[in-house]
Amino acid sequence: MTSRDTIMALSSGAPPSGVAVIRLSGPQAREALSFMAGEVPPPRTLALRSIGAGTRLDQGLVAFFPRPASFTGEDCVELHVHGSPAGVKAILRQLSEFGLRLAQPGEFTRRAFENGKLDLVSVEGLGDLLSAETESQRQQALARYDGRFTAMIDNWRDELLDLRAELEARLDFSDEGDVEESLPGAFQDQLAGLVNSLTTALLSLSSGRIVREGIRVAIAGAPNAGKSSLINALSQSDVAIVSPEAGTTRDVREVPLDIAGQLYLLLDLAGLRDADSLAEAEGVRRARRAIADADIVLWLVAPDVESTEPEPFASNVIVVHTKSDLAHPVGATSVSSVTGEGIGELIALLQQRGSTLTGAEPSVISHERDRQALTEALDAVVSAGKRIEQWELAAEDLRLASASLERLIGRLDPERVLDRLFSSFCIGK
Ligand SMILES: Nc1nc2c(ncn2[C@@H]2O[C@H](COP(=O)(O)OP(=O)(O)OP(=O)(O)O)[C@@H](O)[C@H]2O)c(=O)[nH]1
């Protein structure tokens, strides 16, 4: 496979559908278009054409996007045809006879990256955008795809270059005796500013990550405290098993919920109790770990069930009194999964707690790669600050910091991430 091949794919959803979009990219794209649809319309203009070489297979809209101003940076073509399974198949067959091959998953985007149209963090933003399910995920992914993170990284890289230039000038001219011995205060200030800015970015990682991955809400308490019933009531569907027999929820199940545009993952945990069997003990162990890792813990207390453990005290724990239809506790958060009482209030409470975790605007810094690169860059800049009078070593630290950022945008060693990243894309993207 070389990028000289011209590739094709159905880029819209699977037929049958109202419209199907077939996308082509590569040196033969223009010729393939005139083979299939006759006269090539002016660039970036939709034109109605009869589609099919020799025989008319369909009628649709076609567009030509000449390189380099196209998504991939190569000549691109779009055929908007009827979303018929047989029609799409026939068109792809003719294109294949013409010499085009089917694209691999993510191959269009990979070409865009290789041709410098997108950097790696934007590619990740696009991947996130395609899989975004909630409003906050969409906003976060779009901001990353649009280059908001790239602009931050470019700023840091510019600052690192300035600082290195200052040090390297001293190294070059140190023999000539006409440079000042110590570095100007402005240099120190700029270095401190950079440390601040990278630290702030790293701090926003946890909020960025929970927007992307979801706020983990552990639903915990004694067996039969009403955990599964509460999850059902919260999600208004029969997603969790409800059973009168104690100890039925053994594994950690995740129930996704969209509350006001933010993804929450309700973790339906095994009831905490002294386990009778190995399987139960494993369930309890996993439940404890999930509680420790959760962003919010709903600790359920029921009037008809004896709590085997004391309520945990932590700022992320909300004690919820369940089965309020049986007995009504005073002045506490209480719910009934049977009557629905208190469920709306609990959702509002989750939304309020969630918004303090995510902040007002979703952070674009949200991937494990971001954490690694920013931590490396920060460590290197801090190290440069510590040995600032050893110009050569400090310059090397700053070079390492730049290299971490260049790896993040894919300017350095992109191979390590490319295959993994693009294999998660769909065909036609
Ligand atoms: N009256 C009343 N009964 C409830 C309520 N919520 C749950 N129950 C009952 O309490 C029992 C246990 O409920 P579950 O939701 O299975 O409890 P759990 O905590 O998930 O239990 P395990 O998975 O065994 O740990 C069932 O018989 C439910 O019908 C409620 O709000 N009111």
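Guide: The conversation below takes up the terms one by one.

Guide: This is a predicted model, in which local features need pLDDT of at least 70, side-chain atom pairs count only at pLDDT 80 or more, and totals for chains, interfaces and linings use all residues. Residues are numbered from 1 along each chain as its sequence is written.

Visitor: Why is Leu202 called partly exposed?

Guide: A residue is buried if 20 or more other C-beta atoms, placed from the backbone, lie within 10 Å of its own, exposed if 12 or fewer, and partly exposed in between. Leu202 has 16 other C-beta atoms within 10 Å, and is therefore partly exposed.

Visitor: In which helix does Leu202 lie, and which residues does Leu202 touch?

Guide: Leu202 lies in helix H7; helices (H or I, at least four residues) and strands (E, at least two) are DSSP runs, numbered from the N terminus. Not counting residues up to four places away in sequence, Leu202 touches Leu374, Thr375 and Leu378. Two residues are in contact if their C-beta atoms, placed from the backbone, lie within 7 Å. The C-alpha atoms of Leu202 and Ala373 are separated by 9.9 Å, although these residues are 171 apart along the chain.

Visitor: What makes H7 roughly antiparallel to H12?

Guide: Helix H7 (residues 185-203) packs against helix H12 (residues 368-386) at an angle of about 155°, and their axes are 10 Å apart. Therefore H7 is roughly antiparallel to H12. Angles under 35 degrees count as roughly parallel, over 145 as roughly antiparallel, 65 to 115 as roughly perpendicular and the rest as oblique. Axes are lines fitted to C-alpha atoms, for helices over the stretch in contact, and angles run from 0 to 180 degrees between N-to-C directions.

Visitor: What is the make-up of the contact of H7 with H12 by class?

Guide: Among the residues that make the contact are Leu191 and Leu194 of H7 and Val381 and Gly385 of H12. By class, the contact of H7 with H12 has twelve nonpolar, three polar and no charged residues. Ala, Val, Leu, Ile, Met, Phe, Trp, Tyr, Cys and Pro count as nonpolar, Asp, Glu, Lys and Arg as charged, and the others, Gly among them, as polar.

Visitor: How do you know that S1 and S2 pair?

Guide: Two strands pair if DSSP finds at least two bridges between them. Four bridges join S1 to strand S2 (residues 17-25), and the two run antiparallel. Leu10 has Ile22 as its bridge partner in S2, and Ala9 has Arg23. S1 and S2 form a hairpin with six residues between them.

Visitor: How many bridges does S1 have with S6, and in which sense do they pair?

Guide: S1 and strand S6 (residues 101-102) pair over two bridges, in the parallel sense. Ile7 stands opposite Arg101 in S6.

Visitor: What makes S3 and S6 edge strands?

Guide: Six strands form an open sheet in the order S3-S4-S5-S2-S1-S6, with mixed pairing. Strand S3 (47-51) and S6 each pair on one side only, and they are the edge strands.

Visitor: Are the two faces of S1 covered or uncovered?

Guide: Both are covered: Ile7 and Ala9 on one side, and Met8 and Leu10 on the other, are all buried.

Visitor: What makes S10 mostly covered?

Guide: Five of the six residues of strand S10 (residues 296-301) are buried. Five bridges join S10 to strand S11 (residues 317-321), and the two run parallel.
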